[in-house]
Amino acid sequence: MKTVMDFVVKENVRHGNQYALLRLSPVRGTMPEVAPGQFVQIDVPNSRATFLRRPISINYADQRELWLLIRRSGVGTNALCDIPQGTTLSVVLPLGHGFSLDVKGNVLLVGGGVGIAPLLMLGKRLVMRGIDVKFLLGARTSTEVLQLDLFRQTGETRVATEDGSLGHHGLVTTHPLLEQAEIDHIACCGPLPMMKAVAAIARQRGINCEVSLENRMACGMGACLCCVEDTTDSGNVCACTEGPVFNINRLKWT
Amino acid sequence: MDLSVNIGKLRLKNPVLTASGTFGYGEEFADFIDLNRLGGIIVKGTTLYPRQGNPYPRMAETPSGMLNAVGLQNKGVDYFVENIYPRIKDYDTAIMVNVSGASIDDYVGVCERLQGLDRIAAIEVNISCPNVKQGGMSFGTTCSGAESVVSAVRKAWGGTMIVKLTPNVTDITEIARAAEAAGADAVSLTNTFLGMAIDVERRRPYLSTITGGLSGPCIRPIAVRMVWQVSNAVHIPVIGLGGIMNGRDAIEFMLAGATAVQVGTANFIDPQVSVKIVDYIGDYLQRHNLPNANALIGAMTT
């Protein structure tokens, strides 16, 4: 059940100058059930420059806390990255349709940049279900490989950096793991060109693949019809309700 | 406290309606509010045939508002009648259908399909969508265009008919008078203002259609002015909308002459705002020792 809740910022952990991890806890009441790949809509407090809420992917959630990993990409996310500890935030959650959990075989979770955010909880949930999970994380440089320790604690983790400062030198899509390893299912979140490249590899190799889109949206609950994605089966559908996670077979990506 | 108001023969339990295209079919908000507390729900613009709408991207945030270019995406009136109406008809609120079209035959065709659905409290004839090339707003920008659609729909629809006006005209009172003369039971205004925004770094428009409809509190003072002008120009009820974000804003429209209000873009930011506005109006009437909601209509003193 979707709800509007106040959360308090328990901690704002900066990762370099581009990223922040907000650890939130409900002001009152209990955390709603959330699924990996779902997102929240946050009202940016005291912001004259923003009007709409900001959709942010859920990085991790348990019964007490909600984690949001945010990259500075505009006025809204900038303000959220600078938010002081103790601030109260109005949050609409949980929104959207997350990643499939009933997957089998060798599962590879591929993340790029801040797109690694939903893969942490997804990986933890899949491991709890006894599934063998590997992570492949990409970033521009080693300091932007976020939450590496947490991913390593969860499963085998490979890294690709564009400058070669950590792991494979090059884009995540050129990592040998994608071309060579036996993979039955890929879950992917990152910049659009990266997801399209991963989808192309998956399609070529006949691997089942899900991607998480971040189409520009207003309401986040299927009312405004702004965030549509053109699909093979139903034409334009709301990324906020039918997604953000889609099987690549539904997408008209070439 | 009596919050009820009348739109023609239709009695609303309170003056708060949700604006078409901002509230889905109501169900999208059922987790957040008790829909039965609303004065009414105006469902998504419905056309004779399914429409895919405009290509993505369709939205841009602007100062105190947003642009949209959805383009009347909907599954068509048959789908509404067969699949959606049965799910929403038993809500204890006035269900209204926003009727859109590219030709007069389209509007009439939708109305004929809706005729006989006893839980449709009213139709809102949309002659004001700025985001479709043919029809829509083109009917709403001339008196003869408005007259032709409204008089044709009047023959096809026996129930309450609201006509939704575009603000993208030189004199909205003329269009309102034409709609009244052609048989409208009420007018609603305003639809969105035609606008545009450019991503200067990429040197591209934010919207696939380049231009789109501007909504949100940035348009409110203009909409309030137009509601005031129109309510002084026609004898039928005026339904006010345009950037209402809270109860205070709703009262402002009623003082300007609106009999009821529609809450639109605000639903995107606070999915509970519509019922908060209902509560606010009740509290306001009590605080100002006013007997009922009707006492607010056009009650501005100058």
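**Entry 1: domains of chain A**

I began with the division of chain A, which comprises domain 1 (3-95), domain 2 (99-209) and domain 3 (213-254); the bounds come from an automatic or database domain assignment. I note that this is a predicted model, in which local features need pLDDT of at least 70 and side-chain atom pairs count only at pLDDT 80 or more, while totals for chains, interfaces and linings use all residues. Residues are numbered from 1 along each chain as its sequence is written, chains are lettered from A and ligands numbered from 1 in the order in which they are written, and side-chain values use heavy atoms, with hydrogens and water left out.

I then looked up domain 2 and domain 3 of chain A, whose C-alpha centres lie 22 Å apart. Contact (heavy atoms within 4.5 Å) involves 9 residues of domain 2 of chain A and 7 residues of domain 3 of chain A. The two domains bury about 810 Å² between them, with 62% of it on carbon and sulfur atoms. Buried area is the accessible area (1.4 Å probe) that two parts lose on being put together, summed over both.

**Entry 2: the antiparallel sheet of chain A**

I traced an open sheet of 7 strands in chain A, ordered 4-3-7-1-2-6-5 with antiparallel pairing. Strand 4 (54-57) and strand 5 (60-61) of chain A each have a single partner strand, so one side of each is left without a neighbour in the sheet. Strands (E, at least two residues) and helices (H or I, at least four residues) are DSSP runs numbered from the N terminus; two strands pair if DSSP finds at least two bridges between them. Strand 3 (residues 39-42) and strand 7 (residues 88-95) of chain A run antiparallel and are joined by 3 bridges, with A:I42 opposite A:V91.

In the loop between strand 3 and strand 4 of chain A I found A:N46, a residue other than glycine with a positive phi, near 50°.

**Entry 3: the mixed sheet of chain A**

I followed a second open sheet of chain A, whose 7 strands take the order 11-10-9-8-12-13-16 with mixed pairing. Its edge strands are strand 11 (168-169) and strand 16 (245-247) of chain A, each pairing on one side only. Helix 2 (residues 117-128) of chain A packs on this sheet, touching strand 8 (107-112), strand 9 (133-139) and strand 12 (185-189), and makes about 165° with strand 8 of chain A. Helix 5 (residues 192-205) of chain A lies across strand 8, strand 12 and strand 13 (208-212), at about 170° to strand 12 of chain A. Axes are lines fitted to C-alpha atoms, for helices over the stretch in contact, and angles run from 0 to 180 degrees between N-to-C directions.

I located A:P244 in the loop between strand 15 (235-238) and strand 16 of chain A; the peptide bond from A:G243 to A:P244 is cis, with omega near 10°.

**Entry 4: chain B and its contact with chain A**

I recorded 32 residues from chain B and 27 residues from chain A in the contact. The area buried between the chains is about 2500 Å², of which carbon and sulfur atoms give 62%. On the chain B side, B:Y56, B:E61 and B:I269 lose the most area to chain A, together 26% of what that side buries. B:Y56 is also joined to B:P57 by a cis peptide bond, with omega about 0°.
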